[in-house]
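Please keep the sequence and the structure in view while reading.

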Amino acid sequence: MVVRRRIGIGGLCLALACAARSDGAPPQDCPPAPAAVASTPTPVAAPRVAAPEPSGFRSPAEAVRALVLAPPSPQAWVSPTGDAILLGHAQAMPPLAEVARPFAGLAGLRIDEQRGSERHLRSFDRLSILDLDGNERVVAGAPGSTLTAPSFSPDGRMLAWLDAQDDRVSLWVAARDDGAPRRLLDVVDLIAPAYRWLGSDTLIVLADDRGGPPPPRAEVPSGPTIEEAKGERAPNRTWQDLLRNPDDEVRFAHWATAQLERVELSGTRTPLGERGMVTSFEASPDGQYLLVERVRRPFSYAVPLERFARVIEVRDRSGAVVATLADDEPAEAIPIEGVRTGPRQSTWLPSAGATLLWFEALDGGDPRKAAPHRDRLMVAEAPFQAPREAARLQHRARGLDPLEDRRAVLVSEYDRDRRWSTTWLQPIDAGAAARKLFDRSVNDAYGDPGTPVRRTLPGGQRAIAVEQGAIFLAGDGATEAGDRPFLDRLVLDDGTRTRLLESPADASIEFVGFAAGALGQRLVVREQSPSEPPNLHLREGEQRRALTQWPDPSAQLRGVTRTLLKYERRDGVALSGTLWTPPGPAPASGWPLLVWAYPLEYNDKDTAGQVRAAPNRYLRVTGSSALALLAAGYAVLDDASMPVVGDPETMNDSLLAQLQWSAEAAIDAAVAHGIDRNRVAIGGHSYGAFMTANLLAHTQLFKAGIARSGAYNRTLTPFGYQSERRTLWEAPQTYVAVSPLVHADRIDEPLLLVHGELDDNPGTFPLQSQRLFQAIRGNGGVARLVVLPREAHGYAAQENVLHLLAEEIDWLDAHVRGVAR
């Protein structure tokens, strides 16, 4: 047990916290989004103090532009009957006009103010059906469409999807084989899925009856906003987009409220209870009950939606409440890495008419509290008035996965201290013993057994597929030579495991779904290799047949060379990364290199040293990927291992040294494969940006850096960051030591800082990049700050991504390649 002592914060920490606010009040959780599209990103250069240069959107060379604008391969879902495949087609990136749509940041959400829905930054513009003979038919969509949440009915005859128009979201359906699309009704697609199938002719829907836009914002505040601390510990993360005042409460309640209805495909609609702010709903297997979770007032200004006051209840077919499982106040004091008390992960048992399952904490939800058992599995049969305990778990429950044909579930528990996962086959009947199926470190990629394959049942529920007492497991198949995806059959009673599909040493074959026939005999797979782009195939034993002939999205990079590097750092930890070099001969001095990485935490050297790479997938460059720089003449060491190894309670005390050792080893390994040691840059996103700034501050290994959307002052994330379990007051020296802002005077290599204007990730406020830029400039360093308009933590808009790539290439040309433009 780790004993913690309270330590006062020294003057340096206090100065940091105050400096972050030296220009006035802290930034608002969500600045109002304008109706018009932002015109340009904002670049600022250092050490100049003059006004920023005139700017506008820029674009990289055509070779780079064509690479990232190529449409991705369609997403694929096999029908429940296995005789057709639904394909979702999308553009590479949405236009800025879509990303810049006005939104409201409320309750941890970003709500499209015109549609009254979640923001749809990733969607399809076309849906099509592919039969097993390779014939394809377009079902819905056209250029510019925003289609989401497509699905088959349980019998595979019908399709449903959402269509987001300018001022609403509508539910549409069509017969799979020959039906014309038709609109059923407008829906609320915000805090819960907008619809679920109930059998093959009926859906449960959150109908939109909000009656128009919300009340206008109050022009004059009605009073101050007041929060109180009454002596209870509440170590919350630095959530963004929280509610801030009564006006926000009114607007959130308006947008989140919907009418739960049963909707027949014929058009008949039946309300199911009162209107409410429903966050989840699921019909019982016999169709007689509905499990509903909803939030209620009072709302919280300290935590997001998932920790609001909530009610979990069971309704009958008329919508009347027949049982209440929970009615809880806001959960504002959940400990770090803790859970909410009361029912969690409630769901129906598919093999019974109406039997509910859920977990409950036995330790108050506090992982630091000593307890012989942390959770228990509860069971309640209709009429749900006498719940009983089915099992107790020594560690925290993580997964509850019902099987389709028996009174048992797969239960996973997590040992926080060891970072260890154990999965049990757990019967729910009294007196029946559980059997251990899997037991491994969560970081043991080589030992990952795979994920159970689920299928849709006739009532619309999803459950683990079972065939003659066996389940199926699909996984990445991590090995020392890289991933080799697989599909296994596991007999539950005796643990016999049979491999049905395994990728060869020179290709990647990924399971997509079961084709019609005996389960496991005919498979729809996605096949690709370093020389062949991904396409769908039908496999039956040793026979295979192509179902699609999708074009090559990156033909211009066919001459690229990839090498899986395996090397070791000075403390003996094994490392790896994929080295990509551009087409053509290398320069005489060797290729200039960008090392792109993201640190991960491990308990031990063995799991830290495992290879995590997919060398047999076709090269597909998406969005802001660092691999786009291959088309600009740069080598890229992608996903270079940067493990932080040690006791989960104290590992960050040695973070800086471990980052340096990993970076040194990565450069040495790359130089042995044709890289110019004197022309190496480091880059990363989010925690990778934090890593980048620290490596520039504490080493002389790199010529320049690219840091995107990072956090650089850890006193602004005082209740933990990444996997750090201690608070700022428990480990002040570590928080300060790993904060690049404190060491900005030592960042003497050029640093390109990039941030989304509306970053929504806890801790990575745009203020973080702004303050580090000011610190570098104030100390005479070289930096450039680019703020991408209307972007969040990840960058989505086509205009912004192209500008970002142009900035990155110019930065490396000027400071690494040595050719200024």
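Two strands are said to pair if DSSP finds at least two bridges between them. Strands (E, at least two residues) and helices (H or I, at least four) are DSSP runs, numbered from the N terminus. The model is predicted: local features need pLDDT of at least 70, side-chain atom pairs count only at pLDDT 80 or more, and totals for chains, interfaces and linings use all residues. Residues are numbered from 1 along each chain as its sequence is written, and side-chain values use heavy atoms, with hydrogens and water left out.

Strand β10 (residues 158-164) and β11 form a hairpin with four residues between them. The two run antiparallel and are joined by seven bridges; Ala160 stands opposite Val173 in β11. A further hairpin, through six residues, connects β11 to β12. Strand β12 (residues 182-186) pairs with β11 in the antiparallel sense over four bridges, and Trp172 has Arg183 in β12 as its bridge partner.

How covered is strand β11 (residues 169-175)? Five of its seven residues are buried, so that the strand is mostly covered; buried means under 20% relative accessible area, exposed over 50%, and partly exposed in between (1.4 Å probe, protein chains only).

Helix α7 (residues 687-698) is largely enclosed by the rest of the structure, because eleven of its twelve residues are buried. Among them are Tyr687, Phe690, Met691, Leu695 and Leu696. The expected span of a helix is 1.5 Å times one less than its number of residues. For the twelve residues of α7 this gives 16 Å, which agrees with the 16 Å between its end C-alpha atoms.
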